[in-house]
Amino acid sequence: MLIDRAPAPTLPRARDAVHAIAVLFFTAALALGALGWWAGDSFYLRLATEALIFAGLAMSVDILLGYTGLLSLGQALWFGVGAYTSAVILRDVAASFWLAMGATLVVTTLAGTVGGLIANRVKGVYFALITFGLAQVVAKVVYNTRELGASDGLIGVPEITIPLGFATVDAANPAGFFLLVLALVALLYAGLAYLMDAPFGRTLIAIRANEKRVPFLGFNPLVHRMLAYVLAANVAALAGALYPMLRGFVSPELLFFQTSGNAVITVIVGGVGTLIGPVVGSVLLTALRSVVGTWTEHHLIVIGVLFMLSVVVMPKGLVGAVRPWLQRRLSGSESPR
Amino acid sequence: MTRMTTAAVTAALLLTASTAALAAEPIRVGVVTPLSGTYTPIGQQVRWGLELAAKEINAAGGVAGRPLELMFEDEEANPAVAVQKAEKLFQVGKVDFLTGTVNSGSTLAVGQVAERNDRLIATTVSFADSITADKCSPNVFRVNARAGQQSAALAEWLSKEKPKSKVFYLGPDYEMGRSTVAAFKKAATDKGSAEVGEVFAPLDNKDYSQYFGQLRASRPAVLYTSVAGNDTVRLLSQMEEYGLLKNLLVVGASGTVTSQNIGAIGKAAEGFVTGVGYSPEIDTPANKAFVKAFTAAYGKDPDLYGADSYGLLYFYKAAVEKAGATDTASVRKAMEGIQWATPQGTKTMRAGDHQAVQDMYAVRVTGGKFTIVGSVPGEAAIGPDACTKF
């Protein structure tokens, strides 16, 4: 195990428990992936891949909501920008994974800066409304642009092969593409967790706690909010860029509020401000939707009731609920935070 | 796996339990259709039509001696959900055939899933021309009339009723609205009518009177509109208030005046004409029997979605029995060019683009109800085969 079982020297470090959950999650995902590969399954592996892709979107919401204290109701905008950029590149330019991902980063950084300059003029509920509005405007534009397939979306995104240097992954191979997406999400998680523990992340947490005091510490809150916004946009867009590789199409529904709203719900159920919570939440909710949706057409009611129950019983989300317990186990007798 | 087999089909299977049909392995038909959200009323008609047909087919001994089993999944009218559900039905549910998609985005995306899984699908609702034209797929069939057939039928009727008339066009300002106006304009101009004006009003427009000056000044004999829902209610009510409906024939898309908004439009809807592929009024014994059975089972009249979905299972039955197998290649081959009987009359599946050819009707609102005022033979409404993919 990678977990240090020795009691923490001074402060009980809150992230230890979260990292333990992350290690547990990715190990379990690997094991289940291997099981799926061995059983020759295709549907469940691809469903899990989709869950991981939407986990990327949820993580990007968590950067804003959990760390910076900004509720984005339009994060699907960036997921959609990534998905459409990747789809257009793969379909019309070249079926290259790296080109699609690179173009997504460039487009999102440029567009994200513009979006961030607009959205970061305001805070609180106004930020939520502006992000919501931006996403709606872009969704409507895409919905009416014939070059982007308009309301029908773009089909015919080819099934690509992805050269990784040491191996080549075929996106049409369920197990192979699942592993690739799992690795990418794990990398994103590790990178973001590191960044959030670094001074940059601590400044974001300070902004969430009391933005007016941050300048007194010598940091510019606006610059940090901008950086957090563009970072979150890129995380969402990278996840979105994987979507057409999996499903072979994009449609304007990916930019609609339903997608943004689901991401926020995923973060809240999984655990705000934990980064791994959104990943766990995405997998659980995707599985739940698939099973309940087959069972009854009133699935939205069932999911809604479960969501309310989970908020009442576990206000800090799934990961937030097990964290104190795990923390006690990891740090011996010391009391939880 | 949990299977959402409906009570009706289960009941039907129980009824036929004594016959030989049940002894055979069932043929599974997946249905990915909106059972929640805005499109629920359409999904409901699709479901009723399919369930009624499955019940009848199973009671009569099934398809090639095998019973039909329907498996429903809710697609929420969202292509991203639809592809996931379609994959589930193909790979976990092991369905032999799939149908039910409503919005054309879902049909196109699910068609691609079918291609990659080497299975066949058919839509009974989507009317975007592209599905059986530039975006056609060897694995996708359409048994309902596409938008082009509807406007061709209406243009054909118009050229007979009011030859060489002056037409004014008013559409909703979004992609679908503009393409429906363009399609009808082409069909009508080919038949000799002249365009005297064109405006596009925003979707959900509150006040249409700003366009009335232009409309009056151009003195049209016919107004073509493709607005829908509450927009139609406002447009036609305001036109009546301004006295513009006098000496003006209003024609439109099939979704402009429907059973859902006709009550709210009231008298202003009187005289509106549109082109459709089905009406419960069709005066044939087959349709009368269908309407009677449908109304008895569900308490509502079938609409075109219910009728086309009902006819779909007979299409599949005919193809499987002709092929003598259920594998994709043989069934596809059998489906191409096949003729089968539906409440709307005999339909033919065109081999070149997988589009059903059927007789079309012009219907007019008279006394708050749609009555058939003319019919156009299938060949005259179908238009050229624009599919180059297979």
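At what angle do helix α3 (residues 76–93) of chain A and helix α5 (residues 124–143) of chain A pack, and how far apart are their axes? Select both: they pack at about 35°, with their axes 9 Å apart. Axes here are lines fitted to C-alpha atoms, for helices over the stretch in contact, and angles run from 0 to 180 degrees between N-to-C directions. Helices (H or I, at least four residues) and strands (E, at least two) are DSSP runs, numbered from the N terminus.

Before going on, a word on what you have open. This is a predicted model, where local features need pLDDT of at least 70 and side-chain atom pairs count only at pLDDT 80 or more, while totals for chains, interfaces and linings use all residues. Residues are numbered from 1 along each chain as its sequence is written, and chains are lettered from A and ligands numbered from 1 in the order in which they are written.

**Stop 1**

Show the side chains of A:A76, A:L77 and A:Y84 in α3(A), which meet A:L134, A:A135, A:V138 and A:V142 in α5(A). Two residues are in contact if their C-beta atoms, placed from the backbone, lie within 7 Å. For the colouring, Ala, Val, Leu, Ile, Met, Phe, Trp, Tyr, Cys and Pro count as nonpolar, Asp, Glu, Lys and Arg as charged, and the others, Gly among them, as polar.

**Stop 2: another helix pair in chain A**

Now pick helix α2 (residues 43–68) of chain A and helix α8 (residues 221–247) of chain A, which pack at about 170° with their axes 9 Å apart. That angle makes α2(A) roughly antiparallel to α8(A). On this scale, angles under 35 degrees count as roughly parallel, over 145 as roughly antiparallel, 65 to 115 as roughly perpendicular and the rest as oblique. Among the residues making the contact are A:R46, A:I53 and A:L64 of α2(A), and A:R225, A:Y229 and A:L242 of α8(A). By class, this contact has 16 nonpolar, 4 polar and 3 charged residues.

**Stop 3: all of chain A**

Zoom out to chain A, with its 12 helices and 4 strands. Its radius of gyration is 20 Å, close to the 20 Å that the globule rule gives for 337 residues, so chain A is as compact as a globular protein of that length. The radius is taken over C-alpha atoms, and the rule is 2.2 Å times the number of residues to the power 0.38. Along its principal axes the C-alpha trace spans about 60 × 50 × 45 Å.

Chain A has a mean of 90, and 94% of its residues reach 70 or more. Residues 1–12 of chain A stay under 50. Where pLDDT is low, the predicted coordinates should not be read in detail.

**Stop 4: chain B and its domains**

Switch to chain B, which holds 13 helices and 15 strands. Its C-alpha trace spans about 70 × 45 × 35 Å along the principal axes. The average pLDDT of chain B is 89, and 94% of the residues score at least 70.

Colour domain 1 (7–145 + 280–357) and domain 2 (148–276) of chain B separately; the bounds come from an automatic or database domain assignment. The C-alpha centres of the two domains lie 32 Å apart. Their contact takes 4 residues from domain 1 and 5 residues from domain 2.

**Stop 5: where the chains meet**

Finally, show both chains together. Their contact takes 26 residues from chain B and 25 residues from chain A. On the chain B side, β2 (68–74), α3 (79–91), α4 (104–117) and α6 (175–190) each supply at least two residues. The largest share, 7 residues, comes from α3(B). By class, the side of chain B that touches chain A has 11 nonpolar, 9 polar and 6 charged residues. For the complex, the predictor gives an ipTM of 0.88 and a pTM of 0.87.

How values were computed. pLDDT is the predictor's confidence in each residue, from 0 to 100.
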